Amino acid sequence: MPRILVIEDDDVTAREIAAELTGHGIDVDRIADGSEGLLRAADPCYDAITLDMMLPGMDGLSVVTRLRAQGVATPVLMISALCDVDERVRGLRAGGDDYLTKPFAPDEMLARVEVLLRRHRPQSPQTVLTVADLELDLVRHVARRAGKELSLLPTEFKLLEFLMRNAGQVLTRTMIFETVWGFHFDPGTNLIDVHIGRLRRKIDTAGLAPLIHTVRGSGYCLAQND
C-alpha cells in the first residue's frame, strides 16, 4: 500500500485529500506545520508528499528546497491558492514534481498523485508499451495498431506515449498540456482537442474497438472497453 505524507494546515482541505487517497487504498499521514513536515518528509517510508505552499512554521517552498538539499528524492505535489505562472515556476524549480492550484477537484489530485507514484516507482526500463492491440515502440519510435504501422507526428507520438503510460487513468487537459507541451495550460485553447482528434482518427479506425475515450467534463482516457 502506498504511503503519502500530506502537509496541509487547512483542516477542510486536508480531510478532502485524505478521504480521496484512503478511498483508493493509499495510506495517509497528515502534518499541519511546515517545520514538522520537513522532519517527517525525510522519512524514506513515504512514496509521495502533498505539500501546501502556505504553512505555519515554514512555508512549502522552503520545505521542498531543504528536502532536495538533503538529498530526499520523494516526489512532491505542491498545492497552492496562488495560480500565477511565476509561483508555479518557483515551486517546480525549487524541487516540486507537480503543482496543483486551489480549489481543485479531488479526483484530479488523486490522478496527479498516482502519476507521481508510477513515475517514481523503481522498475526496469520499458521500451514497448502495449494496450490491447495498440503497440508503441519507444526505441524504434514506431506505433502499430492491429499489426499495422501508424504514421504519427512527433507531438502525436509524445501524446500517445503519455496516454499509454497512464492507460485506464482519466487525464485532465491540464495534465496532458503540461506534460506533452511543457508549459502552463491555457483554458482558452483547443490545441489538445485538435491533437486528440487527429490521434483518434489514426488509431480508432473503422472496424477497431475505440481506445481513446472522452470523459465529459474531465479529460481523456486510453483504455480497452471490457
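Predicted model: local features only at pLDDT ≥ 70, side-chain atom pairs only at ≥ 80, totals over all residues.
Within the helix, M175, I176, F177, E178, V180 and W181 are buried. One of these residues, I176, touches L159, F162, L171, W181, I192 and Y220, when residues up to four places away in sequence are not counted.

The residue E178 also belongs to helix α7. Its relative accessible area is 18%, and E178 is therefore classed as buried, the cut-off for that class being under 20%. The side chain of E178 forms a polar contact with the side chain of R88, at 2.2 Å.

The largest nonpolar core comprises 29 residues, and those with the most contacts inside it are L134, L160, M164, I176, L199, I203 and L222. At least two residues of this core are supplied by each of α5 (106-120), β6 (128-131), β7 (134-137), α6 (154-165), α7 (173-181), α8 (191-203) and β12 (219-222). Helix α6 contributes the largest share, six residues. Apart from this core lies another, of 20 residues, which includes I7, Y46, L61 and M78.

An open sheet is built from five strands in the order β2-β1-β3-β4-β5, and the pairing is parallel. Strands β2 (27-31) and β5 (98-101) form the edges, each pairing on one side only. From one strand to the next, the twist averages 20°. Helix α1 (residues 11-22) packs on the sheet and touches β1 (3-7), β2, β3 (48-52) and β4, with a direction at about 165° to that of β2. Helix α4 (residues 85-94) likewise packs on the sheet; α4 touches β4 and β5, and its direction makes about 145° with that of β5.

The pairing can be followed strand by strand. Strands of a sheet pair through backbone hydrogen bonds, in either a parallel or an antiparallel sense. Five bridges connect β1 and β2, which pair in the parallel sense, and V6 has R30 as its bridge partner in β2. The chain passes from β1 through α1 to β2 in a right-handed β-α-β crossover. Strand β1 also pairs with β3 in the parallel sense, over four bridges; here the bridge partner of V6 is T50. Strands β3 and β4 run parallel and are joined by four bridges, with T50 standing opposite L77 in β4. A right-handed β-α-β unit is made by β3, helix α3 (residues 60-69) and β4. Strand β4 (residues 76-80) in turn pairs with β5 in the parallel sense over four bridges, and S80 has T101 as its bridge partner in β5.

Strand β3 is largely enclosed by the rest of the structure, because five of its five residues are buried. The side chains of this strand are divided between two directions: A48, T50 and D52 point one way from β3, whereas I49 and L51 point the other way, and all are buried.

The segment before β1 contains P2. This residue is partly exposed, with a relative accessible area of 27%. Leaving aside neighbours within four places in sequence, P2 is in contact with G25, I26, D27, D47 and L117. The C-alpha atoms of P2 and Y99 are separated by 20 Å, the two residues being 97 apart along the chain.

Several features of backbone geometry were also identified. Most residues other than glycine have a negative phi, and most peptide bonds are trans. The peptide bond joining K102 and P103 is cis, with omega about -5°, and P103 lies in the loop between β5 and α5. In the loop between β7 and β8 (142-145) is H141, a residue other than glycine with a positive phi near 60°. A positive phi, of about 55°, is also found for A146, which is not a glycine. The loop between β8 and β9 (148-150) holds A146, and this residue is partly exposed, with a relative accessible area of 48%.

Key: Residues numbered from 1 in each chain as written. Heavy atoms only, no water. Pairing = 2+ DSSP bridges. Axes fitted to C-alpha atoms, helices over the stretch in contact; angles between N-to-C directions. Contact = heavy atoms within 4.5 Å. Right-handed = clockwise from strand over helix to strand, strands pointing away. Core = buried A, V, L, I, M, F, W, Y, C linked by side-chain atoms within 4.5 Å. Buried < 20%, exposed > 50% of the residue type's maximum accessible area, 1.4 Å probe, protein only. Polar contact = N/O pair within 3.5 Å; in protein donor to acceptor, adjacent residues only side chain to side chain.
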